[in-house]
Amino acid sequence: YRFLGEPVVQACVENGASCIDISGEPQFLEGMYLKYNQKAAEKGVYVIGSCGFDSIPADMGVLYTRDKLKGTLTAIESFLKVNSGPEGVCVHDGTWKSAVYGLADENNLRKLRKKIGYAPVPVVGAKLKRRGFVFYSQEFKEYCIPFMGSDASVVKRSQRYLHTELQETPVQYGAYVNIGGLGSVIKLMFAGILFLLLVKFSFGRKLLTKYPEFFSAGRFTKKGPTQKQMDGTSFTMTFFGEGYSEGQDPHNSKPNVKICTEVKGPEPGYVAAPIAMVQAGVSLLEDAACLPKQGGVYSPGAAFSKTKLIDRLNKCGIEFSVISKPEL
């Protein structure tokens, strides 16, 4: 999307068509907001990014959890676990390239956000503590790291919109991914240090993009996954939320209610992502009365919070459920 996405957005906005994409690149998503939000509003069209695996499960999962809590949800953490079959997991190198160029260009993303001039999202209730780079989860009995995709930035954009435009209580959010045992941690740290060193230099980036299979230990390839690999892969995203029961003031006390929910589905990149994208498109067409009143560039949670998107996803194999009911 960084190199090829904008002409599509531009053509849609100029010709009065709404547009959905499955980008997981914050710089592209927020750049389109800066350049086309006003124009899209004038044309009455909706440009909704990250409607694939990045970031429908996370963004709509936060809203689902909020709606299932009797009270006020103020903080939530999500943990992504990708389950693979005997053939293992594999991803096309397009995703790898997105990560290479995204990390290399981090400074420009900061500049872009300064230009946009985002209003700060207020912290309501107890402040959510940030976890370390690697930590052991008692819930899953395995090690986890922060999720490096766009989920956290997309959820934050949705929460900012819902707070400023609809006066809803903003939810703090942390996104993590389960990586397994100690052996996986050591491998990942070695690969991560090498990746971060190479990504800073033009020569290193050329190496990373030319030999993705070598540098990712076979996880990213130019061919992408086989049908067997896709058939054997699934994902589970677990959400741990906390907040305040009805009548409890979030400003003067500790959280007194917890909830756990889950979004699960088939292989994320090539099966779940198109399901999410198509159902987002159907919601855009069929739930038009429930969309924001004004056109513009939106994140999924901002655009679809009042629609039937979650019901549609549930019927198509991306399932939202409550694991443990809110308990005091």
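How many helices and strands are there in the chain? This predicted model has 13 helices and 12 strands. The radius of gyration of the chain is 20 Å, close to the 20 Å that the globule rule gives for 328 residues, so the chain is as compact as a globular protein of that length. Taken along the principal axes, the box filled by the C-alpha atoms is roughly 55 × 50 × 40 Å. Of the 328 residues in the chain, 45% are buried.

The structure holds 16 aromatic pairs. One of them joins phenylalanine 53 and phenylalanine 235: the ring centres are 4.9 Å apart and the planes stand at 75°, over the 60 degrees that the label requires, so the pair is edge-to-face. Phenylalanine 53 belongs to the loop between β2 (46-48) and α3 (56-68), while phenylalanine 235 belongs to strand β9 (residues 234-245), so the contact ties together parts that are 182 residues apart in sequence. Both phenylalanine 53 and phenylalanine 235 are buried.

Another pair is formed by phenylalanine 79 and phenylalanine 135. Here the ring centres lie 6.3 Å apart with the planes at 75°, so this pair is edge-to-face. It also links distant parts of the chain, with phenylalanine 79 in strand β3 (residues 71-83) and phenylalanine 135 in strand β5 (residues 135-137), 56 residues apart. Both phenylalanine 79 and phenylalanine 135 are buried.

Rolling a probe the size of a water molecule over the atoms shows where empty space is left. The second largest pocket has a volume of about 650 Å³. Its lining is made up of 27 residues, and those nearest the pocket centre are Tyr161, Thr164, Glu165, Tyr298 and Ala302. Two or more lining residues come from each of α2 (26-43), α6 (151-166), β11 (296-298) and α12 (300-304). Which element gives the most to this lining? That element is α6, with 6 residues. By residue type, the lining of the second largest pocket divides into 15 nonpolar, 7 polar and 5 charged residues.

Conventions
Residues numbered from 1 in each chain as written. Predicted model: local features only at pLDDT ≥ 70, side-chain atom pairs only at ≥ 80, totals over all residues. Heavy atoms only, no water. Phe/Tyr/Trp six-rings, centres within 6.5 Å; stacked < 30°, edge-to-face > 60°. Helix = DSSP H or I, 4+ residues; strand = E, 2+ residues; numbered from the N terminus. Buried < 20%, exposed > 50% of the residue type's maximum accessible area, 1.4 Å probe, protein only. 1 Å grid on protein atoms, 1.4 Å probe; cavity = no way out; pocket = protein on both sides within 12 Å on 5 of 7 lines; lining within 4 Å. Points joined across faces, edges and corners; volume = space filled by probe spheres on them. Nonpolar A, V, L, I, M, F, W, Y, C, P; charged D, E, K, R; others polar. Rg over C-alpha atoms; globule rule 2.2 N^0.38 Å.
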